[in-house]
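Let's take a walk through this model together, from the overall picture down to single residues. Keep the structure open as you read.

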Amino acid sequence: IARICRALNGTTIASLARCSTRDVQAAASSLEASSDPRIHVFIATSELHLRNKLFIGREECLERVAHAVTFARTLVDDVEFSAEDATRSDVDFLCRVVDVALKAGATTINVPDTVGYALPGDMSRLISTLLERVPDLRDHTLSVHCHDDLGLAVANSLAGVDAGARQVECTVNGIGERAGNAALEEIVMALRVRPDEQGHETGVRAERLYRASRTLSYLTGIHPQPNKAIVGKNAFAHEAGIHQHGMLADPSTYEIMTPEMVGAPATQLVIGKHSGRHGLESRYKELGYALVADELDRVARGVKALAERKKVILDEDLLSILHRGVLEDVREVHQLDSLSVKCGGVVSEARVAVTTEGGIPRTARGTGDGPIAAVFSALEALMDFTIVLEDLQIRAVTPGQDAVGEVTIRARVDGQTFTGRGGATDVVLASGQAFVHVVNKAEQARVLEERHFAHTADSWAV
C-alpha cells in the first residue's frame, strides 16, 4: 500500500484494518505518502461469525467498532466501516452497528455480502432498510461489496445501487476470494447501457476496460472464460446464422454495445456449426470470393460437415472446402533443416536453414524479444508472405523432463488465417516447425486459388 501511495496522486487509497488499535495504526502508517488516505475498518456482525470466529458478544462488537472508528478518525479524515457478513446479520443489530460507526466518525458505510449469500431482492431490502432506520446514513456514502458464490455479485451490486448505495466495491475481471467479486467492467457497462433504469455514472473510462482486463490476466496468469461478459474472448463473436444475418444488416440487432466502447477487438463473425449462408457469403467476400448460388450451397454443406468435427472453422478450412483441396496434409514446399539460437541477453538471435522444393537450401538470420520471436523473424525473411502471428500455444504431450512439447500457432498470412503445428522436445524447434507448417498451408492455398481463378477465367472465355 505504501508503494501504491508513492506511485499515485489524486486517488483515494484505502488501507484495510480489523477493529484493533494495532491494525488501525499499521493502516495509517502505510498511507503516509497518500494525498487522499482512507482507513477502512471492519468487523463481523453476524451471530455465526461473532460466536464461532471472534468468540465475542454483540456488546463487545459495538465497543470495538466505536473504539476503532474513533481512533482511525484521529489519524485520517476519511474512514470507511464494513460490517462483515452483513447479509447474514440480524437486521436490528446491524442497524445499531451502523449507527455506532457513524457517531464515531465513519464517512462511508459498507455492506458486504461476504459469502455471496444474498439474492438481489435481499440486497435491495437491506439497503432500503438501513437508509430508513438509520437517518444519519442518508448524509453519508453507502457502499456495497458483493461476492459471486451464487453468480449474483453484479446483480446484487446493481440492486444495491438502485436502492440507494453510491459506492460499489468491485474488481477487474471479477477476480477475488472463492468465486470472485463483482466484476467492475460489468457494473460500469450495465450503468452505461441502461441509463433509463439506473441513471448513474461512474466516471470510469470504459474504452480502457478491455486493456485493463488483459493487463490483469497477464500479471496473474488467470484469464477470464471465453464467454465472460464485456471482456471475454467471445463477448463480441457471433456464430449463429440468424445472429450473423442480423449483424450484417445492423449490428445493434445483436449487440447492445460496440466493442469500441470497451476497447475490445472488432466484432467477429465466427464460422461454425450454427453459421448461416449470409455469414459464409460475407466471410468469403472478405477473402476475395464472390460465390454464386451453387458454390454457396456446396461450401455450406462442406462447412456443416466439417463443423461436426471441429468447433471453429478457420479461413484455411474455407479455402480448402471451396477449392476441394486438403490443407491438413500439405506438400512440404519448405522444410526446416536446422536452427540455432542465442538468447539470454536483451535481444535473442536465431539462424535458420530451410530447403525449398527442388532441393534449394536457404539460410537467414533474425532477432527478436526471445528465442521463438527470433526464429519467426528469421523464417519470415525467407518467405514470400506477410505473416502476422495471432496466437501461440505450447503444451507437453508426454510426461517427464524430456517431454515432447507440441506447439500450435494461428497466423494471418496475407490476410487469411491458418494454423500450424510442430512437436519436439525443444519447444523452440517445435515453434519453427509450426511456423513452416503455416507457410506450407499458405503456399498450398495459393496454388488452389490460382487453379480456381484459372478455371473461372476459362468458364468466362467459354
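Of the 462 residues of the protein, 45% count as buried, where buried means under 20% relative accessible area, exposed means over 50%, and partly exposed is in between (1.4 Å probe, protein chains only). Bear in mind that this is a predicted model, where local features need pLDDT of at least 70 and side-chain atom pairs count only at pLDDT 80 or more, while totals for chains, interfaces and linings use all residues. Residues are numbered from 1 along each chain as its sequence is written, and side-chain values use heavy atoms, with hydrogens and water left out.

The protein has 16 helices and 14 strands; these are DSSP runs numbered from the N terminus, with helices being H or I of at least four residues and strands E of at least two. If you count contacts (heavy atoms within 4.5 Å), residues 24 or more positions apart account for 60% of those with a separation of 6 or more.

Now to the inside. A nonpolar core here is a set of buried Ala, Val, Leu, Ile, Met, Phe, Trp, Tyr and Cys residues joined through side-chain atoms within 4.5 Å. The largest one has 54 residues, and I39, V41, F81, I109 and L137 have the most contacts inside it. Helix α5 (residues 91-104) gives the most to this core, with eight residues. A second, separate core has 46 residues, including A378, V413, V428 and A442. As background, nonpolar side chains tend to be buried together in soluble globular proteins.

Strand β1 holds S15, which counts as buried at 4% relative accessibility. Beyond its neighbours within four places in sequence, S15 is in contact with I1, A27, S30, L31, R38, I39 and H40.

Which strand supplies the largest share of the lining of the second largest pocket? That is β1, with four residues. The lining has 21 residues, and A14, H40, H145, E169 and C170 lie nearest the pocket's centre. By type, the lining divides into seven nonpolar, ten polar and four charged residues.

Finally, look at a few loops. D85 sits in the loop between β3 and α5 and is buried, with a relative accessible area of 0%. D85 has a positive phi of about 60° although it is not a glycine. N173, in the loop between β6 and α8 (184-193), also has a positive phi, near 65°, and is buried at 15%. For context, most residues other than glycine have a negative phi. K233 lies in the loop between α9 (209-220) and β7 (237-238) and counts as exposed at 54% relative accessibility. K233 and A264 are 31 residues apart in sequence and 9.2 Å apart in space, C-alpha to C-alpha.

Definitions and conventions: 1 Å grid on protein atoms, 1.4 Å probe; cavity = no way out; pocket = protein on both sides within 12 Å on 5 of 7 lines; lining within 4 Å. Nonpolar A, V, L, I, M, F, W, Y, C, P; charged D, E, K, R; others polar.
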